Amino acid sequence: MNTDTLSTTAAPNAGTKLTRSSHIPMPQKIAFGIGMLANQMFPAALGIFMVILVQSLGMSPILWGLIFFLPKLVDALTDPLMGYISDRTESRWGKRRPFIFIGAFVAGLSYIAMWQLSAENSQLYNFWYFLGWSIVFFIGMTIFSVPYVAMGYEMSDDYHERTRLMAIAQWIGQWAWVIAPWFWIVLYDPNWFESATEGARTLSIYVGLGCMAMAMVPAIFCNSVDTTNDSEESSGLTLAETFRELFHGIAITLKNKPFQRICMATFFIFNAYNCVAGFTFFIIVYYMNGGDPVAAGNWPALFGSVSALFTCFLVIPIVNYMCQVHGKHKTFLITQGMSLLGYAMFWWSFTPENPYLMFVPIPLFVFGIGGLFTIMMSMTADICDLDELETFERREGLFGAIYWWMVKFGAAFAGLLSGLILAFVGFDQTLDVQSDEALAGLRAAFIIVPATGTLLGIWAMWNYDLNEEQVRSIRSELDARQNT
């Protein structure tokens, strides 16, 4: 078997055995999926609200980029640490559920707090206030999301059932991207609020409390295994020994070749798109509507909602079917290739004369981002089995933590780069009417940056070789090991 992964002779750890089944009941899939809706609604809403910092509060693009970037430096430590802790937690509620519940509470309340901003404050005051609360928010998201993702990895041991679980979860989660774009309408419609900042202060309360409630659903309703007598190895470790074990686990995880490939591909594809995702609003408002967000009306919201609806009803069902017929790797390559054509078409489809043209590339371009996490999260569950075969340990939490840290750090880097791109093309947040050069630069960046990331992602995954036959063979060996 050519798996391109680390081989080790670590001793078996009886405490890591879990009770899994091949089939996941539909109520369990839905409960897990509601957690995904919260996991995606938080960043979806945050991305919409973040425009206010530049558009309404006049924050410079550089400070805007730093707000994306700096909190992720905290995640560099907290994500792997959270994965390590949840993998070794002893609780009658299981390894993951207590953290999911606590993280949901912290993230929901801190989301509300960080949007209590005012245009009367200085730019630096708003910057430091928002930065402080955003760090608390992202810590809460780490406490919630790392165990939540790990919970999904360990819910089934079947190659295709994992894809079906992630497809349902992603389908439910995609509704965040249908709903969130309409926040633009609520925030900027004077019939709702006198200013967008006032709208953010109020709307954040509903978003924070709603997401908090949804994030708690998997903690309450998803099954778990009592782990109170699970592990004896980690008891009595000193702080230094604990961190030594943590870094050893991180090193083993990072040496896993298939895992390296999916991390690199996700980093390139998702975060290249994140660099320019916010430019949709600027292109529609400044290029297609002369800098007037009221005149832009529903178009920014429609663009986001139509993209998400195509993802729900076209991309995810097709990706789920293709994975079961052609395999996850081939499906990944085909769908990413389709997205490249969609990106290229946006140069002609964003036009002031006919705004409906901007919907034409959507059925192609959404395959790139829309199917990415369905495939990659299912692949990561397979990799966890491979890691157990090689190392005699289960570490879904650490795999999930490192994978999503890669996603979040990449998003932070993308946010920083987004601000730099705005500055580079000559975008001036103090002007209602932007120069032709700045608008052309925005449109070009919206195509070139994500297309480049997609090509790099295809390159990273080209030789990925953990296929269905190998995964089933690994699962058989693990089952035989547990029965001896």
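How many positive and negative side chains does the protein chain have, and how far apart do the centres of the two sets lie? I looked up the charges and found 25 positive and 37 negative side chains. The centres of the two sets lie 7 Å apart. Lys and Arg count as positive, Asp and Glu as negative; His and the chain ends are not counted. I placed each charge at NZ of Lys, CZ of Arg, CG of Asp or CD of Glu.

**Ground rules.** I am working with a predicted model, where local features need pLDDT of at least 70, side-chain atom pairs count only at pLDDT 80 or more, and totals for chains, interfaces and linings use all residues. Residues are numbered from 1 along each chain as its sequence is written, and side-chain values use heavy atoms, with hydrogens and water left out.

**Overall build.** I found 19 helices and zero strands in the protein chain. Helices (H or I, at least four residues) and strands (E, at least two) are DSSP runs, numbered from the N terminus. The C-alpha atoms fill a box of roughly 70 × 45 × 40 Å along the principal axes. I then looked up contacts, meaning heavy atoms within 4.5 Å. Of those between residues at least 6 apart in sequence, 86% join residues at least 24 apart.

**Inside.** Buried residues make up 58% of the 484 residues. Buried means under 20% relative accessible area, exposed over 50%, and partly exposed in between (1.4 Å probe, protein chains only). Next I looked for nonpolar cores. Such a core is a set of buried Ala, Val, Leu, Ile, Met, Phe, Trp, Tyr and Cys residues joined through side-chain atoms within 4.5 Å. The largest has 138 residues, and Phe49, Leu53 and Trp115 are among those with the most contacts inside it. Helix H1 (residues 26–55) gives the largest share of this core, 16 residues. Another core, of five residues, lies apart from it and includes Met82 and Phe99.

Not counting residues up to four places away in sequence, Leu53 touches Gly58, Met59, Trp64, Ile67, Trp115, Leu117 and Phe130.

Is Thr253 buried or exposed? Thr253 has 0% relative accessibility, so I count Thr253 as buried. Thr253 sits in helix H9 (residues 239–254). Beyond its neighbours within four places in sequence, Thr253 contacts Phe259, Arg395, Leu398, Phe399 and Ile402.

Glu198 lies in helix H8 (residues 196–221). Glu198 counts as partly exposed because its relative accessibility is 26%.
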